[in-house]
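Visitor: I'm new here and would like a quick tour. Could you show me what we're looking at?

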Amino acid sequence: MTTDPTRDTPTRLLDAARREFATYGIAGARVDRIAEQAAANKQRLYSYFGSKEQLFSRVLACAYQDLSEQVPVPTTREGLEQYVGQVFDYHRHDPSLVRLLAWEGLHYGDAEIPGEEERQAYYLSKNEALRKALSLTSTQEVGHLLMTLIGIASWPFVVEQQRRLMAGLVAGSEDGWSQLRASLTAYGSAVIQARVPAPDPTYGIESGIESGAMYDALSDAIPDTVSDVDPSDPKGIDSTCRMRGN
């Protein structure tokens, strides 16, 4: 893939790293290959990100930010029932996030992951938004519901071979994609109906969580411009996430 030389170095490194990690995982990714694809050198990569594992953690944080901006947490029941379809569409456009998560699971297993507290804060913010939207009291039940809906939407992109073998979906079949999306959305709605009481006709809440705001839990200080990035401050790299190309 051609590198855009007009983009700043941290952004180029993050973009190249996202492609590399999504393809080869943490263990298989090569720092020299990432640097070469970003038209940078390894010394710059290490000065910005510290290590390959820290770079992977930053890539994943940027991927989550992108998801939260494009598919905000629903704040109404109607929005929740559209959520499976929206997440499905997001992963179909760019399956790199589910691949990154799959590689992370294979690499770390059930062991603690880098930035675990920040990631947990991200998930808790999602749980809180859904708990308010559905008038539920159990955070654990909300977590179960969220895992189920995200699993329905994302699993076909984790196991692409099963998507083809079990659903008969061939490349380039728009009808097949539409049918799969409709089926998964219907299953998501059925799960919601089974777990959540019927809404009041005047249903509607204000969750206090706007599009992209969940990412704030991942960073306390985001510089306004690339020129503000300090290579010695890992948090300063967060601003580059907002400049990613699709």
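Visitor: Is glutamate 20 buried or exposed, and what is its relative accessible area?
Guide: Keep in mind that this is a predicted model. The cut-off for buried is under 20% relative accessible area. Glutamate 20 falls under that cut-off, so it counts as buried, with a relative accessible area of 2%.

Visitor: Which residue forms a salt bridge with glutamate 20?
Guide: Side chains of opposite charge can pair when their charged atoms come close. Here the closest N and O atoms are 2.7 Å apart. Glutamate 20 lies in helix α1 and its partner in helix α2 (residues 31–37), so the pair ties together parts 13 residues apart in sequence. The partner counts as partly exposed at 21% relative accessibility, and its name is arginine 33.

Visitor: How many residues apart in sequence are the parts that arginine 18 and aspartate 94 tie together?
Guide: These two form a salt bridge, with the closest N and O atoms 3.3 Å apart. Arginine 18 sits in helix α1 (residues 9–28), while aspartate 94 is in the loop between α5 (77–93) and α6 (96–108), so the distance along the sequence is 76 residues.

Visitor: Where does the salt-bridge partner of glutamate 174 lie?
Guide: Glutamate 174 pairs with arginine 92, and their closest N and O atoms are 2.8 Å apart. The pair links distant parts of the chain, 82 residues apart: glutamate 174 is in helix α10 (residues 174–195), and arginine 92 is in helix α5.

Visitor: How many salt bridges does a search of the whole structure find?
Guide: The protein they belong to has ten helices and zero strands. Searching the whole structure gives a total of twelve.

Note on methods. Residues are numbered from 1 along each chain as its sequence is written. This is a predicted model: local features need pLDDT of at least 70, side-chain atom pairs count only at pLDDT 80 or more; totals for chains, interfaces and linings use all residues. Side-chain values use heavy atoms; hydrogens and water are left out. Helices (H or I, at least four residues) and strands (E, at least two) are DSSP runs, numbered from the N terminus. A salt bridge is a side-chain nitrogen of Lys or Arg within 4 Å of a carboxyl oxygen of Asp or Glu. Buried means under 20% relative accessible area, exposed over 50%, partly exposed in between (1.4 Å probe, protein chains only).
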